[in-house]
Amino acid sequence: MKMINKLRLLWGFLCIFIVVPGTSQTQPEAYRLYDGKGRAVDYDQLVKTIAKVDVVFIGEIHNCVITHWLELKLLDSLYKIHGKKLKVGMEMFESDNQLVLDEYLHGQITGDRFEEEMRLWPNYSTDYASLISYARDHNIPIVATNIPRRYATAVKEHGLSYLDSFSIEAKAYMAPLPIHFQTNESVEQGFVLMGLMGKNKNVNPRQIAEAQAIKDATMAWRIAKNLQEKFIHFNGNFHTDNHEGIIPYLLQYKPETTFMVVRAVRQENILRLEDEYKGIADFYICVPEDMTISY
């Protein structure tokens, strides 16, 4: 009997280390965090590092629910560190709606009026409303950084120089003209590909790139005008990949600004950061490809 008990004990001990084929399961994970070189970091490391710079850019995937959840967590963490020093900027809001945004944040208008007049993105209620509610509850200023879409559309259809025809009042909602625009063939080819894949077959890649540039410049201008101490900005990852897009304009308008980029990526396997992403941001939120999306 003693021998049998010893054998049972030995078997139980071995079972800790033996995986029976067909029975092992990988623990599901919603995300992992990596630095720019692909080294795993934890949440506290990420927050501690990005809290040191003037501007933190969150390069999001617009329909990624995990990214949006982490945006709220990062906003909360940075607010707990910086308090009243912190401001928020959002690509999702256009500069000519700043007054409506301020009125809502200050409790002067209802949520219904806010949603009616703000030209909100279709995924506002699922992906951005929680950020606005947090800022409203904690009296955090939010800056509507994007150019009004009618002016970006005008550039896409007529070119950057067409903005000269608008009034002084209209130009107050965009970056000072003229903006410095450099042709980027890889960007333009990317827009050609998107056009070929979409409905518009007569895409003008340069004018679309120019429209992208006036968006980037305006977001940078709005950040620079409102940056006093600490700033977190939410934008699509394309606007800050490789420290390009918004960032060169920001450094033009406000030299010596320190910044970091946290970029969202989706991968089939999140156990390591894929090589193609390394170096295009300072940190990564790595999310499984099969994670739920909002639209």
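Two strands count as paired here if DSSP finds at least two bridges between them, and that is the rule behind the sheet views below. The model is predicted.

**View 1. The whole chain, for orientation.**
The protein chain has twelve helices and eight strands. Of its 295 residues, 47% count as buried. Look at contacts with a separation of 6 or more, and 72% of them join residues 24 or more positions apart. The accessible surface comes to about 16,300 Å², and carbon and sulfur atoms hold 53% of that.

**View 2. The open sheet, strand by strand.**
Eight strands line up as β2-β1-β8-β7-β3-β6-β4-β5, with mixed pairing. At the edges stand β2 (40–41) and β5 (142–146); each has a single partner strand, so one side of each goes without a neighbour in the sheet. As a reminder, strands of a sheet pair through backbone hydrogen bonds, either parallel or antiparallel.

**View 3. The β4–β5 end, with a helix lying across.**
Strand β4 (residues 86–94) pairs with β5 in the parallel sense, over four bridges. Helix α7 (residues 129–137) lies across β4, β5 and β6 (230–236), and runs at about 145 degrees to β4.

**View 4. Strand β8, covered on both faces.**
Six of the six residues of β8 (residues 283–288) are buried. In a regular strand the side chains alternate between the two faces of the sheet. In β8, Phe-283, Ile-285 and Val-287 sit on one side, Tyr-284, Cys-286 and Pro-288 on the other, and all are buried. Strand β1 (residues 32–35) pairs with β8 in the antiparallel sense over four bridges, and here Tyr-34 stands opposite Tyr-284. Strand β7 (residues 259–267) also pairs with β8, but in the parallel sense and over six bridges; Gln-267 stands opposite Pro-288.

**View 5. Ile-232 and the nonpolar cores.**
The largest nonpolar core has 47 residues, and Ile-50, Met-90, Phe-93, Ile-142 and Ile-232 touch the most other members. Zoom in on Ile-232: leaving aside neighbours within four places in sequence, Ile-232 is in contact with Val-56, Ile-58, Leu-75, Leu-78, Leu-86, Lys-87, Val-88 and Gly-89. Apart from this core lies another, of 40 residues, with Leu-163, Ile-223, Ala-224 and Ala-281 among them.

Tyr-79 lies in helix α3 (residues 65–82) and Tyr-134 in helix α7, so the pair ties together parts 55 residues apart in sequence. Tyr-134 has a relative accessible area of 12%, so with buried set at under 20%, this residue counts as buried. Elsewhere in this view, ring pairs link Phe-93, Tyr-104, Phe-114 and Tyr-124 into a cluster.

**View 6. Pro-122, out in a loop.**
Pro-122 lies in the loop between α5 (111–117) and α6 (124–127). Its relative accessible area is 85%, so with exposed set at over 50%, Pro-122 counts as exposed. Pro-122 and Tyr-295 are 173 residues apart in sequence, yet their C-alpha atoms are 9.1 Å apart in space.

How values were computed:
Residues are numbered from 1 along each chain as its sequence is written. This is a predicted model: local features need pLDDT of at least 70, side-chain atom pairs count only at pLDDT 80 or more; totals for chains, interfaces and linings use all residues. Side-chain values use heavy atoms; hydrogens and water are left out. Helices (H or I, at least four residues) and strands (E, at least two) are DSSP runs, numbered from the N terminus. Buried means under 20% relative accessible area, exposed over 50%, partly exposed in between (1.4 Å probe, protein chains only). Contact means heavy atoms within 4.5 Å. Accessible areas come from the Shrake-Rupley method with a 1.4 Å probe; for residues, only the protein chains shown count as cover. A nonpolar core is a set of buried Ala, Val, Leu, Ile, Met, Phe, Trp, Tyr and Cys residues joined through side-chain atoms within 4.5 Å. Axes are lines fitted to C-alpha atoms, for helices over the stretch in contact, and angles run from 0 to 180 degrees between N-to-C directions. Rings of Phe, Tyr and Trp (its six-membered ring) pair if their centres lie within 6.5 Å; planes under 30 degrees apart count as stacked, over 60 as edge-to-face and the rest as tilted.
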